[in-house]
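Biologist: I'm new to this one. Could you walk me through how to read it?

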Amino acid sequence: MTRKIRTRKTRRLTLIAVAGCVLAVALGLVLYAMNDTIVFFNSPADVQAKNVAPGTRFRLGGLVKEGSVRRGDKQHVEFEVMDAQSSIHVQYQGLLPDLFREGQGIVAEGRLEASGLFRADTVLAKHDENYMPREVADALKRQGHWQGETHPPQQAQQN
Amino acid sequence: MLVEAGHFALALALGLSLIQFVVPLWGARANDPVLMSVAPTTALAVLACVGFAFLTLTYAYISSDFSVLNVVENSHSAKPLIYKISGVWGNHEGSMLLWVLILCLFGGVVALAKNTVPMRLQANTLAVQAAITVAFLLFILMTSNPFRRLVPAAAEGQDLNPLLQDPGLAIHPPLLYVGYVGFSISFAFACAALIDGRIDAVWARIVRPWTLAAWCFLTLGIAMGSYWAYYELGWGGWWFWDPVENASLMPWLAGTALVHSTVVMEKRDALKVWTILLAILTFSLSLLGTFLVRSGVLTSVHSFAVDPERGTFILGILVIFIGGSLALFAWRAPLLQQGGLFAPISREGALVVNNLFLASACATVFIGTLYPLALEVLTGDKISVGAPFFNATFLPLIVPLLLLLPLGQTLAWKRGNLLGTVQRLYAVFGASILVVLAVLAFTYGGPVLAPFGIGLGVYLVLGSFNEIVTRSWTRGKPLSVAWIKARGLPRSTWGTVFAHAGVGLVVLGISATAWDVESLGTMKPGDRIGAGPYQLRLERIVPRQEANYREDAALFRVDRNGRELGTVESMKRLYVTRGMPTTEAGILTFGLSQVYVSLGEMQPNGSVGVRLYYKPLVLLIWLGAVVMAFGGALSLTDRRLRIAAPARNRAAPPIAPVPAE
């Protein structure tokens with residue numbers, strides 16, 4: 001009888017210990033990754049205000065300045081991302097999303113170089129003609145630069 | 001008129017599901033069979049009402065009834081018929097209606113399963129199912145009515161989002177929803193067991209087929225969605241760790257754990273409380289997924305209708321059902337009889353480890369998906385958690401699980417022998433290590449980790465089939481005997497083998513992405529571009545005019561080492577009604593590998609930006625998922641899972657007599 005109770009106890013303890021170990025590892029991985037892999041969102045004004053250090057990876061969001069898009073060969077593109085207060089020069093190589101246009105809101109992910117140039121490796125635009133990336137909309141609203149949407153947002157969802 | 005009838009049918013369904021919720025619960029409490037028998041009848045009636053409502057909406061779409069707001073916003077008379085039909089669920093309101101329809105469909109099937117499910121369990125289960133139906137019908141009727149009229153009627157519709165005008169959309173959401181919503185049955189059974197305070201192996205036998213079926217559909221749905229994103233978004237990526245994708249991955253991980261834990265419960269009458277909790281969590285994650293996708297709280301490659309009222313309503317449903325079921329669990333679970341004991345080194349022990357890893361992996365996905373939301377609410381900081389986070393957390397938890405998988409599958413029930421198990425896998429270990437070495441040598445100077453991934457994939461496939469070999473083949477016996485024996489193995493064994501081999505195929509496909517070759521260029525007709533062993537020549541660019549879009553189609557000739565293989569076409573479309581451009585990728589398949597061409601913007605000087613990929617073995621990613629679902633389906637056809645089917649005489653199958661050794 002006591003033997004049975006003891007095995008029950010030890011087995012349960014083994015199980016709890018193993019579960020604890022796996023969960024601890026999972027937690028450790030999450031905390032480690034949180035430090036290292038998370039990307040903040042900044043508008044051009046935030047970049048100036050926060051003094052973002054060159055080399056930090058972040059998401060830059062704002063409007064593509066009218067008349068600023070310049071295309072080179074091999075799909076090199078340069079353009080300015082602006083908000084109400086300032087603008088940042090962005091370089092990117094690759095195909096741009098279908099809805100990338102001047103005057104539109106976009107989000108670019110990449111790093112700031114020491115010269116103040118933002119080298120993007122990903123450019124995201126909206127997926128629907130009436131959709132503004134939410135961070136961009138919020139940032140513009142904060143700066144009082146928001147004109148509101150001209151027509152009610154359309155629903156376009158997948159799944 | 002028909003549209004109003006559909007609207008009315010929905011309201012009627014709401015009333016009927018209220019009855020289906022209250023009366024059977026009361027009947028089960030009072031032990032009154034008449035009241036309990038109300039459950040199946042009303043479940044079928046609700047199904048009929050919701051089915052009718054869905055048909056009327058579909059009819060409005062097919063007949064392009066532009067006096068219905070939902071049709072105006074999402075359809076166009078020039079749209080092909082298939083997209084008129086799939087457009088029904090290509091928008092918020094219609095997709096919620098599909099959600100409820102599938103919910104009722106499952107309720108209807110449970111109602112028809114009279115002979116297999118005990119009456120009390122059936123009554124309680126259908127009552128819980130009805131509670132969910134009530135909540136979502138209220139949601140549809142109060143915040144997302146698809147039947148709202150537009151006065152005066154519009155002359156023409158605004159067309160469906162062009163990204164969604166694709167055969168993929170016709171299949172992806174229904175598959176995904178059958179998976180999502182299918183877990184509601186496991187949830188309802190779990191709540192019913194808690195309400196009744198009784199749970200046993202019979203419960204597990206009843207619940208397992210439902211869970212397995214839902215899991216198969218969810219697997220296919222996720223794979224379909226991934227392939228859709230791959231060819232339709234034109235980025236050549238197949239998984240973005242996007243919150244909406246994570247929303248479907250979380251219930252899949254929890255559901256996979258549930259499928260495995262019900263096996264333990266069925267075979268060994270253990271892990272009862274955990275299985276109940278897992279059933280509740282799996283459906284809670286499905287609800288959470290619905291909330292994330294439908295409420296617009298997350299930014300994602302999918303765009304949303306941001307409507308705070310809807311978000312709040314779904315959040316309310318979420319809180320009531322998750323909170324309620326967890327409270328029920330906390331209150332009633334201690335009353336459940338404790339399960340049996342088992343040894344750590346055994347099949348059931350291995351399945352516990354499986355559950356542990358899957359649950360932890362699911363938790364990391366959960367944190368990665370919801371942490372940005374929490375942070376924004378608490379501090380206002382906006383962050384994005386992307387692939388690097390999940391690679392650093394999810395992969396280290398999944399890889400050990402995959403390494404242990406063939407071991408667990410080979411271990412015996414009750415009391416396993418680790419050394420003997422390892423011995424039975426010697427050949428598999430050896431072959432996998434050889435593959436790693438061969439790939440490393442062959443691709444010297446290339447990616448270093450990917451050959452190990454290939455080895456892992458091979459190890460999983462071989463390790464899965466190893467079970468068949470060890471169970472049917474003995475040294476010195478002719479192969480024909482082994483074949484007959486292998487065919488005599490239970491279907492569920494074959495199912496396990498295929499499902500696990502499917503995982504191996506997915507791993508192979510993912511590892512092979514390390515050898516993807518990408519090249520970018522600006523091309524004029526006659527220009528060439530190369531990726532890997534393939535060269536592409538832009539032949540010409542042809543403008544075309546179709547019913548609801550116009551396009552520039554670029555025709556490419558594909559060569560391999562100077563030999564022509566065929567042509568491939570990639571298009572840049574402009575959907576006229578919405579003024580929205582899309583890119584249609586051109587894909588040429590060679591065996592399991594693909595050449596993928598996507599177009600950039602047309603330049604005024606007649607040149608076009610081109611992105612070319614060579615993606616070796618990429619098809620294995622989705623093929624593996626299909627094999628996994630096939631394995632699940634194979635298990636479903638096992639007689640053991642058909643409770644009503646009389647057990648077949650074990651001696652009957654033509655298994656050659658095995659002489660004692």
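Predicted model: local features only at pLDDT ≥ 70, side-chain atom pairs only at ≥ 80, totals over all residues.

Biologist: Let's start with a helix. How many of the residues of H7(B) are buried?

Modeller: A general idea to begin with: an α-helix has 3.6 residues a turn, so residues three or four places apart point the same way. Here, H7(B) is mostly covered, with 18 of its 25 residues buried. Its length can be checked too: helix H7 of chain B runs over residues 119–143, and at 1.5 Å a residue it should span 36 Å. The end C-alpha atoms are 36 Å apart, which agrees.

Biologist: Now the cores. Which residues touch the most other members of the largest nonpolar core?

Modeller: In soluble globular proteins, nonpolar side chains tend to be buried together. In this model the largest nonpolar core has 178 residues, and B:Val50, B:Val100, B:Phe189 and B:Leu253 touch the most other members. Helix H9 of chain B (residues 201–232) gives the largest share, 19 residues. Another core, of 23 residues, lies apart from it and includes A:Phe41, A:Phe58, A:Phe79 and A:Leu96.

Biologist: What does B:Phe189 touch?

Modeller: Leaving out residues up to four places away in sequence, B:Phe189 touches B:Thr125, B:Trp203, B:Ile206, B:Val207 and B:Ala279.

Biologist: And the sheet: in what order do the strands come?

Modeller: Read across the open sheet of chain B and you get S2-S10-S9-S8, 4 strands with antiparallel pairing. Strand S2 (517–523) and strand S8 (586–590) are the edges, each pairing on one side only. From one strand to the next, the twist averages 15°. Between S8(B) and strand S9 (residues 593–602) there are 5 bridges, and B:Phe590 has B:Ser593 in S9(B) as its bridge partner.

Biologist: Is B:Leu271 buried or exposed?

Modeller: B:Leu271 counts as buried because it has 24 C-beta neighbours inside 10 Å, and the cut-off for buried is 20 or more. Its phi is positive, about 60°, although it is not a glycine. B:Asp269 also has a positive phi, near 55°, but with 16 C-beta neighbours inside 10 Å it counts as partly exposed. B:Asp269 lies in the loop between helix H10 (243–268) and helix H11 (272–295) of chain B, and B:Leu271 is in the loop between H10 and H11 too.

Definitions and conventions. Residues numbered from 1 in each chain as written. Chains lettered and ligands numbered in written order. Helix = DSSP H or I, 4+ residues; strand = E, 2+ residues; numbered from the N terminus. Expected span 1.5 Å × (residues − 1). Buried ≥ 20, exposed ≤ 12 C-beta atoms within 10 Å, placed from the backbone. Core = buried A, V, L, I, M, F, W, Y, C linked by C-beta atoms within 7 Å. Contact = placed C-beta atoms within 7 Å. Pairing = 2+ DSSP bridges. Axes fitted to C-alpha atoms, helices over the stretch in contact; angles between N-to-C directions.
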